[in-house]
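Subject: Structure handover and notes

Dear colleague,

I am passing on the structure below, followed by notes on what was found in it. Please read the notes with the model open beside them.

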Amino acid sequence: MAEIQPDNLRNQVADEHPEIVEVESVVDSRQVEKGGAVKGKRKKVNKRSEVWNHFTEIVDKDGKDKAKCTWKFSHESVRRSLAEMIIVDEIPFSFVEKQGFRKFCQLALPPNFNALSRRTITRDCYSIYMDERLKLKSFFKGYRQRVSLTTDTWTSSQRISYMCPTTHYIDENWKLHKKILNFCPVESHKREELGDLLERCLKDWGIEEVYALTVDNASSNGGVVRVLRNALTKWGTAVLGAQDLHMRCAAHIINLVVGDGVNEEEMHKSVTAVKAAVKYIRQNPLRLKRFKVAVEFEDIETKKGLCLDVPTRWNSLYLMLDTAEKYEMAFERVVRFLKHFYYLTEKVSSSLYTISNLLFPEISEVDCLLKSWEKDVDVKDMAQSMREKFHKYWGTPIEMNKNIFHAVVLDPRNKLGFLEFLLIKVYGKEQGMQHGKMVCCELKRLFAEYKKTVSSGGKIVVLEGSTSASNALSESESKHKNKQQLKSAYKRFKIENGFMSEKTELDKYLGEDVEDDNDDFDLLGWWKLNAPRFPVLATMARDVLAFPISTVASELAFSMGGRVLDAFRSSLTPRMAQALICAQDWLRSKSRIVSEEEDLDLLDNLEKEFDKVHMDSAILE
């Protein structure tokens with residue numbers, strides 16, 4: 001370890017950084033004896049240089065003051081960080097053997113750093129996957145809430161099909177999480193086999209408490225839901241018989257609704273014309289350059305570049321038309337028509353914050369838009385086609401998952417009054433009021449189910465009448481149960497004798513005033529603060545508000561920001577593909593996903609700078 005004399009170090013820093021370090025010999029006149037001799041030690045100068053962040057003062061065996069460097073190169077830390085970079089940024093293993101990276105290591109890392117082979121980095125990546133898997137498995141072992149699931153299947157370029165089940169839950173600090181459990185190969189898309197695979201996955205992770213399963217509209221998913229419902233019933237963890245286990249993916253429904261509109265004949269011709277024009281311009285660099293000149297000549301104020309849509313993603317169609325509309329106002333009608341659905345899809349596709357409480361208000365907004373568009377001659381046919389598909393999935397609350405409504409009520413800015421208003425708005429006064437009563441009844445049933453369970457000593461004790469009660473109670477648990485029974489008896493005594501009214505937590509919650517609807521309102525933060533007042537209702541809210549309304553969390557494994565599973569990951573063995581995709585999800589849960597699409601505005605500005613540099617160079621020459 002390098003050792004440096006403090007005085008020498010201080011002098012060196014003073015020479016190099018006079019504005020930072022000022023070295024003085026401070027002598028108190030009271031310490032000066034006759035003859036000029038100094039009495040006592042001089043005052044210690046405060047260390048203001050940044051170099052002291054890396055050195056500590058020590059006294060050696062001879063009693064001399066010295067400084068010791070505190071930084072130590074760790075080969076293991078570099079290997080770990082490199083493996084995490086390979087995982088998170090989706091870099092091929094061969095990267096570590098390429099010329100550019102080898103040169104970087106030679107110049108930027110100490111000489112004792114051992115170059116890594118792709119074989120070594122592959123082992124390191126798999127080791128990280130196993131470590132993170134054990135951590136997550138340990139977490140679920142102690143987790144006492146239900147989780148919700150999304151799942152989807154995918155076929156890689158190697159024709160290998162994968163299933164990607166993902167959990168969604170709210171932790172004890174009321175933070176929403178999503179974690180991919182597996183990315184496992186499937187031999188068949190038959191409904192029973194997919195369901196069995198999901199059941200085995202849950203058993204492997206030790207997860208038996210599932211609140212909801214969100215899937216797309218593929219026919220095979222009906223069988224998956226049935227298999228999971230039977231499994232939960234067998235395990236004794238089904239909520240109300242798992243009647244609301246199945247949640248249809250809202251993003252897929254929106255896609256179907258919009259698809260019926262954009263495929264309408266007149267609309268289809270307009271879109272085809274735009275595609276042809278955009279494609280013609282983008283195919284040739286000279287045409288694109290001439291187009292930019294024309295835009296500048298016409299003083300068109302937009303920095304967006306022309307883009308083509310992706311056939312399997314209608315929201316990219318909106319982006320294409322939105323850009324084209326900046327250049328030709330004739331497309332304003334189409335853009336305006338799709339704009340609401342574009343932002344709605346973005347909203348329901350988020351997995352980073354709670355959105356289950358937003359779905360039904362958005363459904364009611366769509367209903368109002370379709371009603372108004374049906375009166376517009378220009379878009380009437382399109383609106384009617386979309387309404388038919390809309391009614392198929394969201395036409396009546398009886399066929400909808402009740403959690404959509406429960407989530408609205410469990411938002412303290414809404415509660416039951418706002419839900420009843422929306423129901424009347426969409427379905428009329430008579431049917432709306434009937435649906436409101438039905439939802440209220442279902443909400444009370446759900447609350448009663450949760451009331452059967454009480455937390456004791458970190459374990460879930462299920463009271464009599466529940467489906468999964470434990471017969472064996474410890475001495476402390478028995479004392480707690482007796483105490484609770486005594487409290488319940490005293491409560492009944494007070495109610496029967498008129499000393500208090502019988503109100504549940506749900507009744508008290510609904511009876512309080514709604515919260516102000518501020519932009520900075522934190523829904524989960526509110527429940528965290530009020531959980532001690534509503535312990536049972538808060539437990540229920542953690543499950544209801546965590547269920548996803550879209551399968552986008554699963555699809556992110558295949559399509560990060562519009563990309564599909566790349567050639568590198570498609571070519572991996574199923575085990576390595578699962579290791580990389582799961583580990584990436586676990587490591588990247590709290591980090592920001594950086595888009596791989598380059599900023600065209602930034603590139604344009606840089607090219608202008610480059611042109612200026614070339615001009616300056618030409619002048620100097």
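Contact, as used here, means heavy atoms within 4.5 Å, and helices (H or I, at least four residues) and strands (E, at least two) are DSSP runs numbered from the N terminus. This is a predicted model, in which local features need pLDDT of at least 70 and side-chain atom pairs count only at pLDDT 80 or more, while totals for chains, interfaces and linings use all residues. Residues are numbered from 1 along each chain as its sequence is written, and side-chain values use heavy atoms, with hydrogens and water left out.

To begin with the helix pair, Arg191, Glu192, Leu194, Gly195, Asp196, Leu198, Glu199, Leu202 and Lys203 in α5 meet Ser220, Gly223, Val224, Arg226, Val227, Leu228, Ala231, Lys234 and Trp235 in α6. The residues of this contact divide into 8 nonpolar, 3 polar and 7 charged, where Ala, Val, Leu, Ile, Met, Phe, Trp, Tyr, Cys and Pro count as nonpolar, Asp, Glu, Lys and Arg as charged, and the others, Gly among them, as polar. Helix α5 (residues 191–205) and helix α6 (residues 220–235) pack at an angle of about 40°, their axes being 7 Å apart; axes are lines fitted to C-alpha atoms, for helices over the stretch in contact, and angles run from 0 to 180 degrees between N-to-C directions. The two helices are therefore oblique to each other, given that angles under 35 degrees count as roughly parallel, over 145 as roughly antiparallel, 65 to 115 as roughly perpendicular and the rest as oblique.

Turning to the strands, an open sheet of 5 strands has the order β8-β7-β4-β10-β11, with mixed pairing; two strands pair if DSSP finds at least two bridges between them. Its edge strands, each pairing on one side only, are β8 (176–180) and β11 (246–248). Strand β10 (residues 210–215) pairs with β11 in the parallel sense over 3 bridges, and Val215 has Arg248 in β11 as its bridge partner.

Strand β2 (residues 55–59) and strand β3 (residues 65–69), by contrast, pair in the antiparallel sense over 5 bridges, with Val59 opposite Asp65 in β3. β2 and β3 form a hairpin with 5 residues between them, and Gly63 in the turn has a positive phi of about 85°.

Finally, the count comes to 20 salt bridges, each being a side-chain nitrogen of Lys or Arg within 4 Å of a carboxyl oxygen of Asp or Glu. One of them joins Glu84 to Arg80, with the closest N and O atoms 2.8 Å apart; being 4 residues apart in helix α2 (residues 75–88), Glu84 and Arg80 are separated by about one helical turn.

Best regards
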